[in-house]
Amino acid sequence: MAEVTMRVWRGDASGGDFETYTLEQNEGEVVLDVIHRIQATDAPDLACRWNCKAGKCGSCSAEVNGKPRLMCMTRMDTLPKGPVTVTPMKAFPIIRDLVTDVSFNYVQAAKVPALMPPPMPEGGYRMFQEDVERGQEFRKCIECFMCQDVCHVIRDHEENKEHYAGPRFFIRYAELEMHPLDQNDRRDLIRQDMGLGYCNITKCCTEVCPEHIKITDNAIIPLKERVVDAHYDPVAWLGRKIRRKPKRSAADAAVQPAP
Amino acid sequence: MTDVTTEHHEYDVLIIGAGGAGLRAAIEAGQRGLKVGIITKSLLGKAHTVMAEGGMAAAMGNVYPEDNWMVHFRDTMRGGKYLNNYRMAELHAKEAPDRVWELEQWGALFDRTKDGKILQRDFGGHRYARLAHVGDRTGLELIRTLQQKVVSMGTDVFMECKVLQLVHDAEGRVAGCVGYWRATGEFVTFQAKTVVLATGGAGKSWKFTSNSWESTGDGHAMALWAGAKLIDMECVQFHPTGMVWPLSVRGLLVTEGVRGDGGVLRNSLGERFMFNYVAPMFRAETAESEEEADKWYDDHTAGRRPPELLPRDEVARAINAEVKAGRGSAHGGVFLDIATRRSAEFIRRRLPSMYHQFMELAGVDITREAMEIGPTCHYFMGGVQVDADSQATVVPGLFAAGEVGGGMHGANRLGGNSLSDLVVFGRRAGIGAAEYIEAGDVATSFDQGEVDAAISEALAPFDRTNGENPYDIQHDLQEMMQLNVGIIRNAGELDLAIDELDKFTERVKNVSVKGGRAYNPGWNLATDLPSMITVSKCVTNGALRRKESRGGHTREDFPNADPELGKLNFAQSSDGGHWDDPVSVHESSILIMPAELKALLEEDL
């Protein structure tokens, strides 16, 4: 019977080490299946986060052989022969074993000024497929946070987390900025507080996205252009001076009447 | 007795569960100025709602102007084999369109018709194309929209917190709950004027299921223990199309949208066998030949509906019968074929996650090959008995919405009616909770005795050194329920299941866990097992009592529907309130429908 060997990082914030588990190989299994079998037998306390096991919820992100992957969508038979190393995402503080504290992302989410549409007409808004498609690409995001994990601005520089939203939130801002109904203006916020300028478009985020969202090309670069245009274009600058449209806080924008 | 100091929080409205129903309830209560807290067992945005693929049913009439709430109501009642709480089905059909439009105000981006309205797709049991959708990831759109709305309102969300039990006041009103943080294993109490249960389903007690680890029926069980009643627990939906291969993904959902968009079911002989399984109640509206069925996709007036789009219970039973007759696929399923019927470009655009899922997990290109599929445990029609308008249970202060609630779907849920159920009744639960608080008769104390008992019980597995591994118990429970309380049932197997469940109860009392309390999945599972056992017992009890076949409940020994049993729900209640106490089953008459609604069921709408 063929076997698989897993080297799994075990530990917590105070430190840890690799544990090796050798199991029988089963046809068609993904990394998460093998982790589950370890839990059910040798190590019931092996911590790992997961939910849907179908690549739809983005819970089971970890680093498989050093690369960010969804464990539920990584088939064992696609990995090179030899031991498979599984470690927690590096950019986030460890809670235990493969589970990290991803609260940074929820802090960033709370800073996003919400959509501000005009009042809804009778029978609903009219929007066209080609106009919603740009936003739909970004809304495929399953919040696995692997783009955040791999982004070198925060992966190697914890101190940047205070003034850097990261790729996941750049696509969120791009989605809102390109939304056919949005009347909010977040460009100053994105430039000043969200650290868009730190991104030097190395496309690491795009490479790891399990939803194949073109994060750099379709969100970050257009967003950079918009933000820069708004800031340096003298006509736009004058327009802002005359018709001052302050950026709204998330709480202001949230007060929308139900239809 | 406990020496554990617990963290304590206080809210007006405490919502347990952060899927579609819980988040929509939170928005409603928050907009009414109440202090709202949401508790979730996972991270925010990961709830089972994300798994919903095909869409959200609402009679907006964007594709077929003939559609309206009355047709949707009729379809829902027929799909539920008339066991539904008619008032819920009525409210749902009337309010679903407003709930969809409101999601657009909050940022959702649905697929569009040519004239810019929300596009609607066909699904089983719905007379007209009625499902608002975003490709095949509609659940993700719903949860993300509600999540972003809740976050923008500044609502408190407590993530990775497992609730063990509800807590009462001295008069028996609900006063909050006790739970623990998964990250640290420390205990926490929440005191609240109202509690809204929005915990979803309980499919994790079956071996082949589309449900995640979370669906252990915590809300069903906690409601029962707290004094509420569960109805229709025997009505479990087995979704006809789950993956069957590779084994490790068996049960994973394949959206009904595949059939709505032209996919057909074939057996190993290549026959479109669904034509042989059209029940009399659906014959008048179902196509008799492949030619007639194929015309329908482009023009619903040119032919009648293909039989592949019968309600889910009908299709699941047909697949089961084909496999039993020896006409199944190599891995015990049948074939779902869209490859020979639609272009590769169409399939990739309309069904991107299905394409992805089969390509990555099974190595199957669905634009070239048929998918191997079979029934998978998917949804609980049964749940906490509630008042249709307010979602209130019989326990003062306790509300339930979404899958944990019972009645809306009767004996079988139509695809697409779940996402709309979440937002229609999530909102109503928020209103119900607000009105209950306004009436002023809320809990006045918090029973610390209940808290202490729940905590010491949760810690007990650490003290047992030679007990059983919780994973072994879960594994055996799943095998047992799959075998004896599956899609087709009989008295012998159900009796056996009752005996087995008594043995499982004893095994759970002897469970032991290794390691510490911080993020310990073994311990987390040990604390889920009481809910899983309680809910499994209720399903089995209900299945034994319902000596007929109706919707999601099929008895081999009683293959027909019994009109007398169609007039009642089996309601279950706990005799003592502890998880291992006996459960009683009572007959509870279904609501009598007003004549004008009854007339809609017979009219040719």
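Predicted model: local features only at pLDDT ≥ 70, side-chain atom pairs only at ≥ 80, totals over all residues.

**The hairpin in chain A**

- S3(A) and S4(A) make a hairpin, with 2 residues between them.
- In the turn sits A:Asn65, which has a positive phi of about 50°.

**Chain B as a whole**

- Chain B has 17 helices and 19 strands.
- Its C-alpha atoms fill a box of roughly 75 × 50 × 50 Å along the principal axes.
- The radius of gyration of chain B is 23 Å, which agrees with the value near 25 Å that a compact globule of 605 residues would have.
- Of those 605 residues in chain B, 61% count as buried.
- Take the contacts in chain B between residues at least 6 apart in sequence: 74% of them join residues at least 24 apart.

**An open sheet in chain B**

- Five strands line up here in an open sheet, in the order S17-S15-S10-S18-S19 (chain B), and the pairing is mixed.
- Strand S17 (405–406) and strand S19 (583–589) of chain B are at the edges; each has a single partner strand, so one side of each has no neighbour in the sheet.
- S17(B) pairs with strand S15 (residues 383–385) of chain B in the parallel sense, over 2 bridges. There, B:Gln385 stands opposite B:Gly406.
- Helix H5 (residues 218–225) of chain B packs on the sheet, where it touches strand S10 (230–231), S15 and strand S18 (568–574) of chain B. The direction of H5 makes about 70° with that of S18(B).
- H16(B) packs on the sheet too, touching S10, S18 and S19 of chain B, and its direction makes about 50° with that of S19(B).

**Helix H11 of chain B**

- Which residues of H11(B) are buried? They are B:Met354, B:His356, B:Gln357, B:Phe358, B:Leu361 and B:Ala362.
- These buried residues pack against strand S11 (236–243), helix H6 (257–260) and strand S14 (371–380) of chain B.
- After H11(B) comes B:Gly363, with a positive phi near 65°.

**Two domains in chain B**

- The domain assignment of chain B gives domain 1 (238–377) and domain 2 (457–589).
- Taken over C-alpha atoms, the centres of these domains of chain B are 31 Å apart.
- Their contact takes 6 residues from domain 1 of chain B and 5 residues from domain 2 of chain B.
- On the domain 1 side, helix H9 (residues 312–324) of chain B gives the largest share, 4 residues.
- By class, that domain 1 side has 3 nonpolar, 1 polar and 2 charged residues.

**Where the chains meet**

- In the contact between the chains, 53 residues of chain B meet 53 residues of chain A.
- The elements that give two or more residues to chain B's side are helix H3 (86–105), helix H4 (138–152), helix H11 (352–362), helix H14 (470–484) and helix H16 (521–545) of chain B.
- H4(B) gives the most to this side, with 6 residues.
- By class, the side of chain B that touches chain A has 23 nonpolar, 17 polar and 13 charged residues.

Notes
Residues numbered from 1 in each chain as written. Chains lettered and ligands numbered in written order. Contact = placed C-beta atoms within 7 Å. Nonpolar A, V, L, I, M, F, W, Y, C, P; charged D, E, K, R; others polar. Domains from an automatic or database assignment. Pairing = 2+ DSSP bridges. Axes fitted to C-alpha atoms, helices over the stretch in contact; angles between N-to-C directions. Buried ≥ 20, exposed ≤ 12 C-beta atoms within 10 Å, placed from the backbone. Rg over C-alpha atoms; globule rule 2.2 N^0.38 Å.
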